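Visitor: Please show me the model, and then let me ask about it one point at a time.

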Amino acid sequence: MTAKLKDSLYPLGFGLGFLLLWELAVRLFSIPVYLLPAPTAVLSAVEASLGSHMLVTLMESLAGFMLANILGFVTAVIFVHSKPIEKGAFPLAIALKTTPLVALAPLLVVWLGTGYSSKIVASTLICFFPILVNSVKGLKAIEYEAWELFSTYKGTKWEIFWKLRLPTSLPYIFSALKISTSLAIVGAIVGEFVGANKGLGYVVLVSSYHMDTPVMFSAIIASAACGLLLFWCVGLLEKKVIFWTRSDDL
Amino acid sequence: MTAVIKEQKSFMAEHRPLQKSKEREVMLSLSDCSLSFGEVQVLNRVNLDVYRNEFISILGPSGCGKSTMLRLMLQLLGPDKGGMVTYASSDLSLGMVFQKPVLMPWLTALQNVTLPLELGNKKKFTKQEAREKAESALRLVGLQDFMNHFPHQLSGGMQQRAAIARALAADPAVLLMDEPFGALDELTREKLNFELLRLWESPETSLSSIVMVTHSIQESVLLSDRVVMMSPRPAGVTDIIPVPLPSPREAGMEELPEFHYTVKELRKRVKHL
């Protein structure tokens, strides 16, 4: 058995153990289903429609995630090359960050309607700040001597960007991407809470009206799965792209 | 170069102005160079000529502005008003080796050495030429078997060798080194010192002059033709002391009385600072 397979057995074992305890607790103490449904009850509440709702939320989050990361990175590049713009616009970015998304979501629905776009924008807004801050930090994290090296050999601004700043910033960018994966789902679900007729946020809201806790649980777990899926994809990409940092176990 | 050494047979040579200096070709010179960062004056009226075919060490207390002096020579920094940095010719090529290797971790040794050859708007070399130059530079420093290794796969000494190869690949006439072996262990350091001398004397490199910042008195005596002593901040050149050891330098010369004498002399002067 390979070590990798063995490693993945640990979380699997713990997860199964936890589910077993949960099932037993619900049955032993006869907890009512509207408070805490047993895992088997949640499983039987899963319908085919859950998959399509999940896909909707996943697509909204992914679109917001990508949009935020492209916009945030481009903004960071501008900030790094222009001090006045950085000084002028950074406070605005911080103001945007400190405004609770939950407070903005109804406004987004008023402006953009109950379709996909309000959710995508909500997701974009919440993902924008981490990538901006980390990209600015990463693009500036070049070693002074490396900058001197490029200057000595008459490297242009463009070369300093492509051959030095960008690769130096990649580890910072990826840590922002990892943070944003879960935020992107939050953005989409908050958007769905305010006004939607599909998506996991919609399912959670409607099932809460009907006290249909098993369905609610299935939607919550599905939203967690969306976050995990995105996180896992970004992690996989990171391993492929940033091969030069050693990840030693301590 | 042998002639240079011979004329310094007398130990008192340092007190008379360098004879024949007018006949020797100056590669690079600093004249009256002062430099201040805001309120802090780092360099105070530094005068120094670097001649063709000589190895100069700059010795001085840490933090005195030795590295700043190299940056003036590279023209990464400009001197305050009144100072001047002049090159023998406008296309004098300089190489720089830092205390840290400063290798890009995402590039292989070969790609790292090729990097400076491909920078700038004026492309001096084709891709093929740059690659060949980089390969031969890596061979010179003994890294022919590690060309496709990434920096994290190389030892500290090998990383610094790659950094030297990177500086050599661009065919510099003057090589500036800022405590290049300061971060290495004693054994590696000694080995690389002699390798550096070998590279300097080798006809395969274009190297004419080396200016090395160091804080090791022994190293400065063993390697260089002249040792430049700096005072604490604001640093100026207090003394320029010729080293009367024969050339080429070899291992074992640390046993010669001239070596001990010069080391002692330098120690004395450091104490006077």
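Visitor: In this predicted model, which residue of chain A meets the side chain of Arg71(B) in a salt bridge?
Guide: A salt bridge is a side-chain nitrogen of Lys or Arg within 4 Å of a carboxyl oxygen of Asp or Glu. For Arg71(B) the N to O distance is 2.5 Å. The pair crosses between chains, from helix H2 (residues 66-73) of chain B to helix H7 (residues 144-152) of chain A. The partner is Glu148(A).

Visitor: Are Arg71(B) and Glu148(A) buried or exposed?
Guide: Buried means under 20% relative accessible area, exposed over 50%, and partly exposed in between (1.4 Å probe, protein chains only). By that rule Arg71(B) and Glu148(A) have one answer for both: buried.

Visitor: How should I read the numbering, and what are the limits of the model?
Guide: Residues are numbered from 1 along each chain as its sequence is written, and chains are lettered from A and ligands numbered from 1 in the order in which they are written. The model is predicted, local features need pLDDT of at least 70, side-chain atom pairs count only at pLDDT 80 or more, and totals for chains, interfaces and linings use all residues, while side-chain values use heavy atoms, with hydrogens and water left out.

Visitor: How many salt bridges are there between chain B and chain A?
Guide: Over all chains, the structure holds 22 salt bridges. One that crosses between the chains is the pair Arg71(B) and Glu148(A). The count between chain B and chain A is three.

Visitor: What area do chain B and chain A bury between them?
Guide: The size of an interface is often given as the accessible area lost when the parts come together. Buried area here is the accessible area (1.4 Å probe) that two parts lose on being put together, summed over both. Of the area between chain B and chain A, 68% is on carbon and sulfur atoms, and the total is about 2100 Å².

Visitor: Which three residues supply 30% of the area that chain B buries against chain A?
Guide: Contact means heavy atoms within 4.5 Å, and 24 residues of chain B are in contact with 20 residues of chain A. Three of chain B supply more of its buried area than any other three: Leu76(B), Trp106(B) and Leu119(B).

Visitor: Which residue forms a salt bridge with Arg45(B)?
Guide: Helices (H or I, at least four residues) and strands (E, at least two) are DSSP runs, numbered from the N terminus. Arg45(B) is in strand E2 (residues 40-51), and its partner, 13 residues apart, is in strand E1 of chain B. Arg45(B) is exposed because its relative accessible area is 53%. The closest N and O atoms are 3.0 Å apart, and the partner is Asp32(B).

Visitor: What is the phi of Asp32(B)?
Guide: Most residues other than glycine have a negative phi, and most peptide bonds are trans. Asp32(B) has 27% relative accessibility, so it counts as partly exposed. Although Asp32(B) is not a glycine, its phi is positive, at about 55 degrees.

Visitor: Why does Cys33(B) count as buried?
Guide: Cys33(B) is in strand E1 (residues 26-37) of chain B. Not counting residues up to four places away in sequence, Cys33(B) touches several residues, including Leu72(B), Pro79(B) and Met84(B). Cys33(B) is buried because its relative accessible area is 0%.

Visitor: Which side chain of opposite charge is nearest to Glu179(B)?
Guide: Lys and Arg count as positive and Asp and Glu as negative; His and the chain ends are not counted. Glu179(B) is in the loop between strand E6 (174-178) and helix H6 (186-201) of chain B. Glu179(B) is buried yet has no salt bridge; the nearest side chain of opposite charge is 4.4 Å away and belongs to Lys66(B).

Visitor: Which residues are linked with Glu265(B) in a network of salt bridges?
Guide: Glu265(B) and Arg269(B) lie four residues apart in helix H8 (residues 257-272) of chain B, about one turn of the helix. Their side chains meet in a salt bridge of 2.7 Å, N to O. At 11% relative accessibility, Arg269(B) counts as buried. The residues linked with Glu265(B) in the network are Asp239(B), Lys268(B) and Arg269(B).
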